[in-house]
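The exercises below concern one protein chain. Work through each task before reading its solution.

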Amino acid sequence: MDFKNIVKENESKIEKFDFNYYLKIKNYAVASALSALETTNEIQKSYFKPQNTPLTTSDYILKLYALLQGLFVSIDSLYDLAISLTKSKNFININNNKDLRQLKYIRNDVVGHPSSRIYNHEKLAYCILDNKSITLDSFSYSIYTKDEIKRKDISINELLTSYYEEANNLLDELYRISCKDQNKTELEKAITIVVEDFFMGRDYTTSFDWFVSTYNKLYPTAKKQQHRVLWRVDLIKSLDDLKFKNDDERIVIDYCKGLELLKIYKHIFQNNYKLDIPRKIPKYIQSFYKLLNKNKYLYPYLNYLKDTDHPLFFSSIMAIKDVAVKKKYYDANKYLQMIIKQYESKNLEYVYALALPIKEYKRK
């Protein structure tokens, strides 16, 4: 890949923003994010800069440390820029890019906390970089725990390609948002009707389609990988197609669809939708909440259920399931089995949607 051209393209997209304007109006959040993106770009350029003399191992290590830290800062800066311009931390969804999600784990392994990585609440891990393996294209490191040794081979080209493709798309979208004040009146009306139809038990599909059409008109170049609204729209459509074994599973699926609609409403209004009639929690999920209330030592496992790509996601949910079986929380076990089934089938979008009630749980 010609990184020189893609970096140049990235720089031109950053420079389209009026940096001095944001300084003038004292919007330092936007100004600092733009500045950080330009600064970290210099690290990426330096990484591939031709050398007059052959690189030594120490040169490679220095370059790698700078690159990983720079990319980590770049992603944080994209988040900060999106939050500052959209007033929402959820409007732009960088985390849907698997390589960028993994980058934070790689950075923490290699640069952040190599001599003491905690992979769950009771297991320590130690990361050792293979200094001799480092080239401008790749590197390797090993993760040591008391149970196993894992070697990871990382492609630098893949990481940089993912970052710049995602960053350039996001910068285009954020620039359009910065140039005009989007008229959300019609959009607000559309999502309100959808939510009301759904929670009143009416057929919401027609109003839902109208909302999606309205959204696409306002954001014609939006991609679901970047917009949480479109991403959640796809999750709802997927849940509509998800097969269930019994009425209790159907109720759980409908409940999760409702949660997704409420999330979309909040993205649009920046405020929660107020339900006039309290919504009944499905018995599978009620049982799961009771399990947690009565067994608070399970709380640490919840920290690893926020990200389906987290290395401890599956082991954590299996640990909670084992307690549910042992203590005879049968309905909680059935709920967790719904998630486990989709995880084992590698349907991670279904896993995320079905696990949303876990994220909604309020610790006592």
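This is a predicted model: local features need pLDDT of at least 70, side-chain atom pairs count only at pLDDT 80 or more; totals for chains, interfaces and linings use all residues.

**Exercise 1. Classify tyrosine 335 as buried or exposed, and find which residues are in contact with it.**

Solution. 

Step 1: Tyrosine 335 has a relative accessible area of 0% and is therefore buried.

Step 2: Tyrosine 335 sits in helix H14, residues 330-344.

Step 3: Leave out neighbours within four places in sequence. The residues in contact with tyrosine 335 are Val252, Tyr284, Ile285, Phe288, Leu354, Ala355, Pro357 and Ile358.

Step 4: From tyrosine 335 to isoleucine 156 the C-alpha separation is 40 Å, and the two are 179 residues apart in sequence.

**Exercise 2. Locate serine 115 and state whether it is buried or exposed.**

Solution. 

Step 1: Serine 115 is in the loop that joins helix H5 (98-112) to strand S1 (117-118).

Step 2: Its relative accessible area is 59%. Exposed requires over 50%, so serine 115 is exposed.

Step 3: Between the C-alpha atoms of serine 115 and aspartate 147 there are 17 Å, with 32 residues separating the two along the chain.

**Exercise 3. Compare the radius of gyration of the chain with that of a compact globule, then characterise the whole chain.**

Solution. 

Step 1: A compact globule of 364 residues would have a radius of gyration near 21 Å. The chain has 23 Å, which agrees.

Step 2: The C-alpha trace spans about 70 × 55 × 35 Å along its principal axes.

Step 3: Count the secondary structure. The chain contains 15 helices and four strands.

Step 4: Of the 364 residues, 48% count as buried. Among contacts with a separation of 6 or more, 65% are between residues 24 or more positions apart.

Step 5: Turn to surface and charge. The chain exposes about 19,100 Å², of which carbon and sulfur atoms supply 50%. There are 58 positive and 46 negative charges, and their mean positions lie 6 Å apart.

Technical notes. Residues are numbered from 1 along each chain as its sequence is written. Side-chain values use heavy atoms; hydrogens and water are left out. Helices (H or I, at least four residues) and strands (E, at least two) are DSSP runs, numbered from the N terminus. The radius of gyration is taken over C-alpha atoms; the globule rule is 2.2 Å times the number of residues to the power 0.38. Buried means under 20% relative accessible area, exposed over 50%, partly exposed in between (1.4 Å probe, protein chains only). Contact means heavy atoms within 4.5 Å. Accessible areas come from the Shrake-Rupley method with a 1.4 Å probe; for residues, only the protein chains shown count as cover. Lys and Arg count as positive and Asp and Glu as negative; His and the chain ends are not counted. The place of a charge is taken as NZ of Lys, CZ of Arg, CG of Asp or CD of Glu.
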